[in-house]
Amino acid sequence: MKAFFFDQDGILYDSMPKHARAWAEVMQAHGFDFTEEDGFMNEGRTGQDVIREAIMELENREATEDEIWEIYEEKSKAFKALGEVEPVEGVVDVLRFLKKNKKEIWVVTGSGQASLFDNLNTKIGPFFDRQRMITAFDVTHGKPDPEPYLKAWDKSKYPKKDCCVIENAPLGVRSAKAAGLFTIAVNTGPLADIALWNEGADLVFPNMSELLDWLKKEASSR
């Protein structure tokens with residue numbers, strides 16, 4: 001494999017607990033029945049889609065653009081107020097191994113949190129190129145739609161057999177598999193492994209260390 005498409009939250013950054021808490025606080029303040037568990041279950045969607053779906057479910061109507069951006073801005077501020085986030089344990093070793101072996105490293109995220117993807121190189125390491133990044137601002141349809149991963153694959157110019165997705169969220173796995181890509185799930189969150197297998201993950205690992213062991217074995221067997 002020549003190109004590796006990494007999800008951001010829960011794969012590069014250990015940020016999902018803070019995202020989930022921020023979503024729950026802000027959505028509940030607006031009258032939505034939205035828990036931290038809902039935050040994890042919606043992981044991968046763009047913030048705009050999370051808000052659209054919540055308003056449709058609660059009020060049976062389309063959200064206005066002003067509502068969406070007002071709530072999303074509140075969520076972004078709530079997230080930042082929870083403090084800095086750190087890299088997922090072991091992910092730097094994975095990225096270092098891939099870079100050493102001249103693999104392309106991509107980021108494919110539903111996030112619109114510029115404070116995160118703008119600081120990847122300073123917070124995690126010199127592995128990332130903005131030209132190899134697909135964010136919420138680059139797609140019309142976010143995960144679980146296949147568009148984000150299809151866009152990354154198309155920009156990479158590699159055959160699908162040479163591309164690999166690294167995900168942690170069920171909706172992210174669904175997106176990647178719908179795009180026809182080999183998908184490894186690293187379960188860094190509170191959901192059971194079965195939620196990832198059920199979406200079609202090709203492999204599921206409990207941590208980055210086991211992912212790195214698999215990558216090394218694959219490299220030595222070729």
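Me: What is the relative accessible area of E86?

Reply: Classes first: buried means under 20% relative accessible area, exposed over 50%, and partly exposed in between (1.4 Å probe, protein chains only). This is a predicted model, where local features need pLDDT of at least 70, side-chain atom pairs count only at pLDDT 80 or more, and totals for chains, interfaces and linings use all residues. Residues are numbered from 1 along each chain as its sequence is written, and side-chain values use heavy atoms, without hydrogens or water. E86 counts as partly exposed, at 47%.

Me: Which residue forms a salt bridge with E86?

Reply: A salt bridge puts a side-chain nitrogen of Lys or Arg within 4 Å of a carboxyl oxygen of Asp or Glu. For E86, the closest N and O atoms are 3.6 Å apart, and the partner is K123.

Me: How many residues apart are K123 and E86?

Reply: Helices (H or I, at least four residues) and strands (E, at least two) are DSSP runs, numbered from the N terminus. K123 sits in helix α7 (residues 120–123). E86 is in the loop between α4 (65–81) and α5 (91–100). The pair links distant parts of the chain, with a separation of 37 residues.

Me: Which residue pairs with R132 in a salt bridge?

Reply: The closest N and O atoms are 3.4 Å apart, and the partner of R132 is E104. R132 lies in the loop between α7 and β3 (133–134) and its partner in strand β2 (residues 104–108), so the pair ties together parts that are 28 residues apart in sequence. R132 is partly exposed, at 30%.

Me: What is the N to O distance between R61 and E67?

Reply: R61 is partly exposed, at 29%. E67 is also partly exposed, at 23%. Their side chains meet in a salt bridge at 2.6 Å.

Me: How many salt bridges are in the whole structure?

Reply: Some form a network, which links K2, K161 and D162. A search of the whole structure puts the total at 17.

Me: At what angle do α3 and α4 pack?

Reply: Axes are lines fitted to C-alpha atoms, for helices over the stretch in contact, and angles run from 0 to 180 degrees between N-to-C directions. Helix α3 covers residues 47–59. Its axis is 9 Å from that of α4, and the angle is about 115°.

Me: How many residues of the contact of α3 with α4 are nonpolar?

Reply: Contact means heavy atoms within 4.5 Å. The residues include I51 and I55 of α3 and W69 of α4. Ala, Val, Leu, Ile, Met, Phe, Trp, Tyr, Cys and Pro count as nonpolar, Asp, Glu, Lys and Arg as charged, and the others, Gly among them, as polar. Two are polar, three are charged, and the nonpolar number six.
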